[in-house]
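Walk through this fold with me.

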Amino acid sequence: MTKHMFPMNALRSGEFYESDLFLDRKFLLRQGHRVTPALLIKLKKLGAKELGTRLESLAERMRKRLLVLTQEVRGQLANMRDSLLDEFGVKELLPHDLQEKAISVSAACFADAADGRLDDFGNLWQMAEEIAEVVRYSGGEVLKPLDVPEPEVYYSHHSVNVAAMMVGVMSDISDSVGRIQVAMGCLMHDLGTSQVPKEILFRKGPVSEKEFGIIKEHIDFGKRLLMECGEIHENVKGMVIGHHEKFNGTGYPDGLSGADIPYLSRWFSCCDVYDALTTSRAHQERIAPPIALELIGQCVGSQFDPDCAKGLVERLGVYPVGSYLLLKDERIALVTKNYPLKAYDRPEVGIIDMSSGKPVPKEKVRLNSKDDVVDTLDI
Ligand SMILES: [Fe+2]
Ligand SMILES: [Fe+2]
């Protein structure tokens, strides 16, 4: 049987093909079956470069598809995302100065907690207040995660990212006191990881069952830190203790399910996973936001509360700000604004002109139909 090869990058989530696909002579995807985000992630992890098909015309079509988007162009688009967003006038969800300050306060708290010296949460409360005061999300702002210089500071970056994200997407739900509690719960939720041995926490590759048991203990450590806090609101406690509970009751530490999981925790677990998937970290490459939302969508009802997961998509948009899209006229576009709760599948986009060989911002247009988008680019 003849195999015709084509580059793995041409594979698109959500599509069906008229011929079986193969990887290294092994069967990969049956004809007519949908390509899922999980399959793309698996192939990325395996480092797959080329796939095979029995159909020459399919291989030819897939190769042509990539002509519009070579690896070099992908690299340029990735490197220039932030400057293109600036040029299209997209505002930051969390101002850079506050982001840096909050990360350094958070990193200091993680270091103190690791040494068992955490008895003053004053600085963290102040950061929670500032984030709650400043962050406003109307659909046109973007969170620009800072580079994580070393694995040890991943959790302080993650805690601040998720605080801005939660305060932003819950703007229409929480009042001002609630916003501070939300921010504080986010900043505190993973403080217990400071007590987990670093060689387990930052291991590249899979951890054993025993090691996973040790990682799970970060909830207990977090609980103990909360006790040192004295009086603390139930909302904050709920987020620290309940953020790994799953909607179907298979999470930890208590195996709570449905509405027994605190309301903010159900929201939080969507934002927590979204940030973890869309940020580069020690053992994982970043996944494009629309694909991360699709992955969350696949776990609705099992891991996530359907209303909260839907609420997240309705606010961030099917294509969150900063996502790259391929439009049906083969132009590349960068999402610059979403319309929360309304046309959340028809964003405003900035067209990228590639005629000079490097990305140059062109005009902004509002998409009229969700069919204007052919694909999400995993960049
Ligand atoms: Fe956690
Ligand atoms: Fe987390």
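In this predicted model, α12 and α14 pack with their axes 8 Å apart, at an angle of about 50°. That angle makes α12 oblique to α14. The crossing of α12 past α14 is right-handed. Which residues meet here? On the α12 side they are Arg266, Trp267, Cys270, Cys271 and Tyr274. On the α14 side they are Cys308, Ala309 and Leu312. An α-helix has 3.6 residues a turn, so residues three or four places apart point the same way.

Helix α13 spans residues 289–298, and seven of its ten residues are buried, so the rest of the structure largely encloses it. Which residues of α13 are buried? They are Pro289, Pro290, Ile291, Ala292, Leu293, Glu294 and Ile296. The cover over these residues includes α12 (263–278) and α14 (306–316). It also includes α1 (37–46) and the strand β11 (373–377).

Now compare a second helix pair. Two packed helices are described by the angle between their axes and the distance between the axes. Helix α7 covers residues 176–188, and helix α11 covers residues 234–242. Their axes come within 8 Å and cross at roughly 30°. How do α7 and α11 lie relative to each other, roughly parallel or roughly antiparallel? The cut-off for roughly parallel is an angle under 35 degrees. The two helices are therefore roughly parallel to each other. α7 passes α11 in a right-handed crossing. From α7, the residues that meet α11 are Gln181, Met184, Gly185, Cys186 and Met188. Their partners in α11 are Asn235, Val236, Met239 and Val240.

Next comes the interior. In soluble globular proteins, nonpolar side chains tend to be buried together. Here the largest nonpolar core has 79 residues. Which members touch the most others? They are Met166 and Ala183. Domain 2 (91–316) and domain 3 (321–377) both give residues to this core, so it lies between them. Take Met166 and set aside its neighbours within four places in sequence. Met166 is then in contact with Val182, Cys186, Trp267, Phe268 and Cys271. Three of these names have come up already. Cys186 is among the α7 residues that meet α11, while Trp267 and Cys271 are among the α12 residues that meet α14. A second, separate core has eleven residues, including Phe6, Leu11, Tyr17 and Met62.

Step back to the domains. The assignment gives domain 1 (4–67), domain 2 (91–316) and domain 3 (321–377). How far apart are the C-alpha centres of domain 1 and domain 2? They lie 35 Å apart. The contact between them takes five residues from domain 1 and five residues from domain 2.

Ile214 is found in helix α9 (residues 209–216). With 15 C-beta neighbours inside 10 Å, Ile214 counts as partly exposed. Leaving aside neighbours within four places in sequence, Ile214 is in contact with Val196 and Ile200. Ile200 is 14 residues from Ile214 in sequence, and their C-alpha atoms are 8.4 Å apart. Glu228 is found in helix α10 (residues 218–228). Glu228 is partly exposed too, with 13 other C-beta atoms within 10 Å. Along the chain, Glu228 and Phe121 are 107 residues apart, yet their C-alpha atoms are separated by 9.2 Å.

Finish with the backbone in the loops. Which peptide bond is cis? The bond from Tyr252 to Pro253 is, with omega near 10°. Pro253 sits in the loop between α11 and α12. Arg25 is not a glycine, but its phi is positive, about 70°. Arg25 lies in the loop between β2 (21–23) and β3 (26–29). Is Arg25 buried or exposed? Arg25 has 7, so it is exposed. Leu341 also has a positive phi without being a glycine, at about 65°. Its loop runs between β8 (332–337) and β9 (348–353). Leu341 is exposed, with 11 other C-beta atoms within 10 Å.

Technical notes. Residues are numbered from 1 along each chain as its sequence is written. Chains are lettered from A and ligands numbered from 1 in the order in which they are written. This is a predicted model: local features need pLDDT of at least 70, side-chain atom pairs count only at pLDDT 80 or more; totals for chains, interfaces and linings use all residues. A residue is buried if 20 or more other C-beta atoms lie within 10 Å of its own, exposed if 12 or fewer, and partly exposed in between; C-beta atoms are placed from the backbone. Helices (H or I, at least four residues) and strands (E, at least two) are DSSP runs, numbered from the N terminus. Two residues are in contact if their C-beta atoms, placed from the backbone, lie within 7 Å. A nonpolar core is a set of buried Ala, Val, Leu, Ile, Met, Phe, Trp, Tyr and Cys residues joined through C-beta atoms within 7 Å. Domain bounds come from an automatic or database domain assignment. Axes are lines fitted to C-alpha atoms, for helices over the stretch in contact, and angles run from 0 to 180 degrees between N-to-C directions. Angles under 35 degrees count as roughly parallel, over 145 as roughly antiparallel, 65 to 115 as roughly perpendicular and the rest as oblique. A crossing is left-handed if the near helix is turned anticlockwise from the far one by less than a right angle, and right-handed if clockwise.
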